[in-house]
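Here are my notes on the model you sent. Please read them with the structure open.

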Amino acid sequence: MLSQSGQAARIDVFLTADSQSSQARELVSGPLRAAVAKATPAGLVAHVGGTPAIFADVSAAVDHDLKLVFPVAAVLIALIPFMLLRSLLAPLILMISVGLGFAATLGSAALLFQHAMHRPGVDFTLPLVLFLFVVALGTDYNILISDRIREEMEQPVPARTAVARAVRHTAPAIATAGVVLAGSFGTLAVTPSSSTQQVGFAMALGILLSAFLLSIVLVPSLAALLGRSLWWPVRSGRPAARPPAREQAPHREYAAHPSPGADPDPYWITTTDR
């Protein structure tokens, strides 16, 4: 189709694959663009457009930006527990646990959709969405339980007792929030769109892992094992004090006095308490 000026033309090409699928993006960004560039006459410029080409360009831009966004966002997120918990070791453990949750969620989504359901792969936006939501929510849950553990460890009780108290008081709130959010995002998994299904499943799974496995199990377990050294370089609270020793009976002194008006041999005894 020629333009009115006759200086531009459009050639429509219809793909057999879904225009929003990764297969279409790979075809447009690779073989199709290479074939168009090879067939373009000298002096002319050819562009490949359409929905698959737009998604391919966005995917390439996202891959490039993730190399910058991930480290910067991770540093900014890590600053919050560093400032709140006033420790070096505890925030490091929290960020490692959140990273493990992110990797487990992304890996589970890839196993389900790519291998079990035999789809070409996961959506290119999934890592970014998981990083922005799952990592942020997981960090919030970890901060909530860690701050409560720190408060309990301020008391002169054993570390494991403090952790048990913190879990008993904080776990219901974290579990309730996790179930509600996971259920809300999980509704997206029943939509017909493949990318929305992936986001819904991964978000629900990531939130459940963050709430139940990381915040309620992993972080308290590490806190119980490490004890007050978790808050290095500043330890929180002090170990439980030893129970007070049994009060000793009053010391008694015995003094012998001769009985008045009697023979010097007999004596009467008085006692005094110190």
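1. S210 counts as buried because its relative accessibility is 4%. Buried means under 20% relative accessible area, exposed means over 50%, and partly exposed lies in between (1.4 Å probe, protein chains only). S210 sits in helix α6, residues 194–226. Setting aside neighbours within four places in sequence, S210 is in contact with V134, G138, Y141 and S215. Contact means heavy atoms within 4.5 Å.

2. A word on the basis. This is a predicted model: local features need pLDDT of at least 70, side-chain atom pairs count only at pLDDT 80 or more, and totals for chains, interfaces and linings use all residues. Residues are numbered from 1 along each chain as its sequence is written, and side-chain values use heavy atoms, with hydrogens and water left out.

3. Now the overall layout. The protein has 6 helices and 2 strands. Along the sequence the pattern reads α-α-α-α-α-α-β-β. Helices (H or I, at least four residues) and strands (E, at least two) are DSSP runs, numbered from the N terminus. Of the 274 residues, 31% are buried. Among contacts with a separation of 6 or more, 64% join residues 24 or more positions apart.

4. How do α1 and α2 pack? Helix α1 (residues 22–39) meets helix α2 (residues 51–85) at an angle of about 95°, and their axes are 8 Å apart. Axes are lines fitted to C-alpha atoms, for helices over the stretch in contact, and angles run from 0 to 180 degrees between N-to-C directions. The two helices, α1 and α2, are therefore roughly perpendicular to each other; that class covers 65 to 115 degrees, with under 35 roughly parallel, over 145 roughly antiparallel and the rest oblique.

5. The residues behind that packing: α1 brings A24, R25, V28, S29 and R33, and α2 brings P52, A53, F55, A56 and D57. By type, this contact of α1 with α2 has 6 nonpolar, 1 polar and 3 charged residues. Ala, Val, Leu, Ile, Met, Phe, Trp, Tyr, Cys and Pro count as nonpolar, Asp, Glu, Lys and Arg as charged, and the others, Gly among them, as polar.

6. Please also look at the lining of the largest pocket. The largest share, 5 residues, comes from α1. The lining divides into 18 nonpolar, 7 polar and 2 charged residues. A pocket is an open set of points on a 1 Å grid over the protein atoms alone, where a 1.4 Å probe fits, with protein on both sides within 12 Å along at least five of seven lines; lining residues have an atom within 4 Å of a point.
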